[in-house]
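Student: Please take me through the part of this model where the ligand sits. Go slowly on the contacts, and then show me the open spaces in the protein.

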Amino acid sequence: MPNFKKKLSSLSLIWVAFIVLLFFFSFAIHNILILPSWLFLFYLSGKIFRIRREFKNNVSRWNNFLMIQEFIINNGLYKETSDVFLSAVFTISESENEIIITACKMGNFLDSKLEHLDLELSALFNLPLEEKIIRPVIVEYKFIIEPPERLVLKSSSKETIDDLEINLGYGVKYNPVTCPHILVAGGTGSGKSVFISFLILELLKRGSTIYIADPKNSDLGSLSYYLGDERVATNPNNIARIIRLAVTEMYERYSEMREKFKYGTNFNDHGYKTIWLIFDEMGAFLASGTDKNSKAVVNEVMDGIKQIILLGRQAGVFVLISAQQMSANTLNTDLRDNLGLRIALGQNSNEGYRMVFGSATPEPQPIEIKGSGFLFKQGAGKETAQYWESPFLDTHQFDFINELKLYIDKE
Ligand SMILES: Nc1ncnc2c1ncn2[C@@H]1O[C@H](COP(=O)(O)OP(=O)(O)OP(=O)(O)O)[C@@H](O)[C@H]1O
Ligand SMILES: [Mg+2]
C-alpha cells in the first residue's frame, strides 16, 4: 500500500507542475512543442487515473481482508493449540452489483459452522442475503448491492402483446412455455389476490382464455360479472364444469396438433393462445369434500388438475393454484414439483416454505413489505427461492376493474 501512495503522489506532483509550466510558458514554447506537450499531459492523466483505480481496488481488498480476519476471530472460526493453528478460509469477489463470499470447507469441525453464517455475514456487510449455495467443498453466500426494481402498476390504454413472457418485476421474467404452471401460497392478507389480479391483466393482454375457480367466492369470484358465469365458478359443481372444459380443450388441441404434426412444435407454433385455469384457495375447495357425492366432485376436479399439470404445457393449457397454507393434502409433492413458478408471499414458517419449495427452501428472513416474499423459478439456475417483491399496487393510481374492462367484450 505505501508504494502505491508514493507513486501516486509523485505522479500527481509532476502532473500539477507540468500544467503550471504549460500555462505560464505556452507563449514561449515553440509551436512544434505544443502538441507533444499536450499529448504527454494526456498520457500522464491516463496513468494517474489507472493507478488511482488500482489503488482504490487494493484498498477495498485490503479492507475486506481485515474485515474477514476480524469476522473469523469474533465468530470463533479458528482453533489454536500448542502445535496447530486452524482457521476458516474465505474468498471475496466483488462486482458492481453483488458480493460473493465463498467459505472453503476443509473437512474439519468448522465445516458445519461455515454453512450457517447467513445472519452474521448479512450483518457484516449490512446487506440482505440473496442466495446461499452449499456444495461438498464450498459454501457460497451472495449479497446484492443494488436490489432490483419493483414493478409499479400503472394505468395504460389497451395493449396487445405477442410475447408470452411476462415481466413480474424485481428482475424476474416469466414464460409459461419454459416454466409451466404457477403456485402462489401465503397467509391471509399476504397479497395473493393482488398478484393474481395483475397476472390476469397480463394474460388478457396476451389473448389468453381465463377460467377462474374461487370456492370462497371472494375477490376473484366477483369477476364473473365481467368474465361471465361460463368462465368463473364458485361452487363445487361449477368448478368441476370449468375444469372439464379446460381438460377437453387441452385434448382437442392435442388431437388437432397431432393431425398437423410437426416435430418439436407447441401450441404457439399452431396459432393457439394460452388457456389459464386460476384456482384460488384450493384448500377451501378440498375441505368442501365432506360426503360421498362432494368427495366424488373433489376427486374429479383434482384428477383434471393433475392432467393439466402433467400434459398441459405443449397444448398451452396452464394452471395457477393459490393456497393460504400448502400441505401434502393440498397437492402432493410430485405434482407440486411440476409447478414451474412457485411463490410464497408474506411471512411463512420454515415448514410452510418447505411445503412450497421442497429442496429449494430458502433461509427464512423477515418479510416486512406488503406483497413481498420468496420466488422460485425452475430452470433459472438458482438453487433456492429468492426474495422477491410482487408488482406494487397503489389503488389511487390503478383501478383493476377499469383496466379489466379494456379487455372484456361485454355487450
Ligand atoms: N403488491 C401489493 N401492492 C400494494 N399493496 C398490496 C400488495 N399486495 C397486498 N397488498 C395489500 O394487502 C392487502 C391484502 O392483499 P390480498 O387481498 O391480495 O391478500 P390475500 O393473500 O389474497 O389474502 P386472502 O388469503 O385473505 O384472500 C391488499 O388489499 C393491499 O392493501
Ligand atoms: Mg385473496
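Tutor: A backbone N or O atom of Pro-391 lies 2.8 Å from a nitrogen atom of ligand 1. That is a polar contact, a pair of N or O atoms within 3.5 Å. The model is predicted, and local features need pLDDT of at least 70, side-chain atom pairs count only at pLDDT 80 or more, while totals for chains, interfaces and linings use all residues. Residues are numbered from 1 along each chain as its sequence is written, chains are lettered from A and ligands numbered from 1 in the order in which they are written, and side-chain values use heavy atoms, with hydrogens and water left out.

Back to the ligand. A backbone N or O atom of Val-194 lies 2.9 Å from an oxygen atom of ligand 1. For Gly-191, a backbone N or O atom lies 3.1 Å from an oxygen atom of ligand 1. Taken alone, ligand 1 exposes 630 Å², and the protein buries 73% of that. These areas come from the Shrake-Rupley method with a 1.4 Å probe.

Now the shell. Ligand 1 is surrounded by 16 residues, and the closest are Thr-188, Gly-189, Lys-192, Ser-193 and Pro-391. A residue is near if one of its heavy atoms lies within 4 Å. The shell divides into four nonpolar, nine polar and three charged residues. Here Asp, Glu, Lys and Arg count as charged; Ala, Val, Leu, Ile, Met, Phe, Trp, Tyr, Cys and Pro as nonpolar; the others, Gly among them, as polar.

Next, the open spaces. About 1100 Å³ of space lies in the largest pocket. A pocket is an open set of points on a 1 Å grid over the protein atoms alone, where a 1.4 Å probe fits, with protein on both sides within 12 Å along at least five of seven lines; lining residues have an atom within 4 Å of a point. The largest pocket has 46 lining residues, and Leu-129, Glu-130, Glu-131, Gln-386 and Tyr-387 lie nearest its centre. Strand 5 gives the largest share of this lining, six residues. Strands are DSSP runs (E, at least two residues), and helices are runs of H or I, at least four residues. The lining of the largest pocket holds 24 nonpolar, eight polar and 14 charged residues.

The second largest pocket has about 550 Å³ of space. Its lining has 21 residues, with Asn-57, Ser-60, Arg-61, Asn-64 and Glu-94 nearest the centre. Helix 2 gives the largest share of the lining of the second largest pocket, twelve residues.

Key: Grid points are joined across faces, edges and corners, and a volume is the space filled by probe spheres set on the points. A polar contact is a pair of N or O atoms within 3.5 Å; within protein, one must be able to donate a hydrogen and the other to accept it, and residues adjacent in sequence count only if both atoms are side-chain atoms.
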